[in-house]
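Me: I am new to this structure and would like a close look at one part of it, taken slowly. Please walk me through that part in one connected answer.

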Amino acid sequence: MTERMNEKEQLVLDLIRKNPYVSQQELAESLGLSRPSIANMISGLIKKGKILGRAYILTESQPVICIGGANIDRKFHVKEKAQIGTSNPSYSSQNAGGVARNIAENLGRLGMEVALISTSGLDSDWSFIAESSSLYMNLETVTQFPEKSTGSYTAVLDSNGELIIALADMEVYEAITPDLLLKNDTFLSQAKCIMADLNCPKETIQFLCHFAKNHGIPIVLIPVSSPKMSHLPDNLEGVTWLITNRDESEAYFQTEIKDEEDWKSVLEKWLALGISNVVITNGKQGSMIGNKEEGIFHVPAIEISEIVDVTGAGDAFSSAVIYSWLEGKTLFEIAKAGTINASKTLQSPYTVRQDLSSTQLQKDMEELL
Ligand SMILES: Nc1ncnc2c1ncn2[C@@H]1O[C@H](COP(=O)(O)OP(=O)(O)OP(=O)(O)O)[C@@H](O)[C@H]1O
Ligand SMILES: O=c1[nH]cc([C@@H]2O[C@H](CO)[C@@H](O)[C@H]2O)c(=O)[nH]1
């Protein structure tokens, strides 16, 4: 049974309801009472169960929000030399994939608070993805469409783990529209950082760039393939990071990167478009990284004797870049973290290496020195 309150207690409660931050002194002045009598009244109200106690108001959580693809990856490893136009003996494996989802999983494993915004079907592929992802990221902002199929990526790999051909069914991402994002605009405005992949339509990327600029939120753009470079906004001014590979940069500028000089000059072209920080990765040749303050430099790849599976190496690189940048590291350390995480992922059969944690990445970095 709850105890009755007297008139003064009711007035105190009304003032606290109106302003939960009100001080005892302010209450005392408003009601023409002394501060100690207010203190006694508050103790009484706590005993009567009318006030649960004084709470510390924590700052809102600030997740990294990853927006884009969450695919089912099916990989077929051809046992012998692949032959076109015939049936090739192979073995297959299935993983959760998608660039935004892969990056979200990497960041989640690194201990960051992460949320994924994506679209999917309402099928067994989505159940599989959700089950393998939910430990590392918040999936509440993934919208299911019962009439659509979850995105899928089917790759055929040779016996050295290198890609022969891949097929991408990603129509479901057409539904990642600005309207869909606007339904979560309060959540988006709390982001510590927004990462978007180019599975999203061009107008969505354009919307996100404006949104990030208006709210002072850093934004990282990750292309997923050369054909999807057409989804980059016309105006890239103010983009915080662009992490591309060589083919994607060549496709965008319709140029060929023949040597290190070309590689550097393409990076300069990206910076001239107003992007703050740029990376161009280039497989076993490593990566070129740069910004206006610290300059541009080349970071060599780590020599690997056996590549198990190339899938996810680029995403591992991008994730470690985002993580180290948010940790306030220098450009050189950022590139090194990307390189080591990509290298460890190339030696793992998984799209996201299973042993990744912030402590492990730190150890990997120390070993590299
Ligand atoms: N064969 C390799 N040997 C050593 N390191 C490599 C090799 N391939 C890739 N890497 C490392 O991974 C980084 C990213 O590789 P890459 O440029 O192939 O990206 P990507 O095309 O986005 O990758 P993917 O699409 O295969 O995930 C490179 O900068 C390098 O550090
Ligand atoms: O068009 C696309 N192709 C491939 C991917 C994903 O790339 C990942 C590897 O980097 C892989 O998981 C695949 O699903 C994508 O999201 N969009």
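Predicted model: local features only at pLDDT ≥ 70, side-chain atom pairs only at ≥ 80, totals over all residues.

Reply: The four strands of the open sheet follow the order S3-S2-S6-S7, and their pairing is mixed. Strand S3 (90-97) and strand S7 (163-169) are the edge strands, each with a single partner, so one side of each has no neighbour in the sheet. On average, neighbouring strands here are turned by 15° against each other when direction is ignored. Within the sheet, S2 and S3 pair in the antiparallel sense over eight bridges, and in this pairing Phe76 stands opposite Ser92 in S3. Helix H5 (residues 124-133) packs on the sheet, where it touches S2, S3 and strand S6 (152-157), and the direction of H5 makes about 65° with that of S3.

The surroundings of this sheet lead on to a ligand. Ligand 2 is surrounded by 19 residues, the closest being Gly69, Asn71, Gly97, Tyr153 and Val224. Strand S2 (71-78), helix H4 (99-109) and helix H11 (313-326) are the elements that give two or more residues to this shell. Sorted by class, the shell around ligand 2 holds five nonpolar, eleven polar and three charged residues.

The end C-alpha atoms of residues 64-351 lie 20 Å apart, and the span is 33% helix and 25% strand.

Strand S9 (residues 219-222) and S10 pair in the parallel sense over two bridges, with Leu221 standing opposite Leu242 in S10. Strand S10 (residues 241-245) is mostly covered, as five of its five residues are buried; Trp241, Ile243 and Asn245 lie on one side, while Leu242 and Thr244 lie on the other. S10 is joined in turn to strand S11 (residues 277-281) by five bridges, and the two run parallel; here the bridge partner of Asn245 is Thr281 in S11.

S11 and S12 pair in the antiparallel sense over five bridges, and Asn277 stands opposite Asn291 in S12. The hairpin that these two strands form has five residues between them, and Gly283 in the turn has a positive phi of about 50°. Four of the five residues of strand S12 (residues 287-291) are buried, so S12 is largely enclosed by the rest of the structure. A second hairpin joins S12 to S13 through three residues; S12 and strand S13 (residues 295-299) run antiparallel and are joined by five bridges, with Met288 opposite His298 in S13.

One last detail concerns the backbone. Most residues other than glycine have a negative phi. Gln254, although it is not a glycine, has a positive phi of about 45°. Gln254 sits in the loop between helix H9 (246-253) and helix H10 (260-272), and with 6 C-beta neighbours inside 10 Å it counts as exposed.

Definitions and conventions:
Residues numbered from 1 in each chain as written. Chains lettered and ligands numbered in written order. Near = placed C-beta within 6 Å. Nonpolar A, V, L, I, M, F, W, Y, C, P; charged D, E, K, R; others polar. Pairing = 2+ DSSP bridges. Axes fitted to C-alpha atoms, helices over the stretch in contact; angles between N-to-C directions. Contact = placed C-beta atoms within 7 Å. Buried ≥ 20, exposed ≤ 12 C-beta atoms within 10 Å, placed from the backbone.
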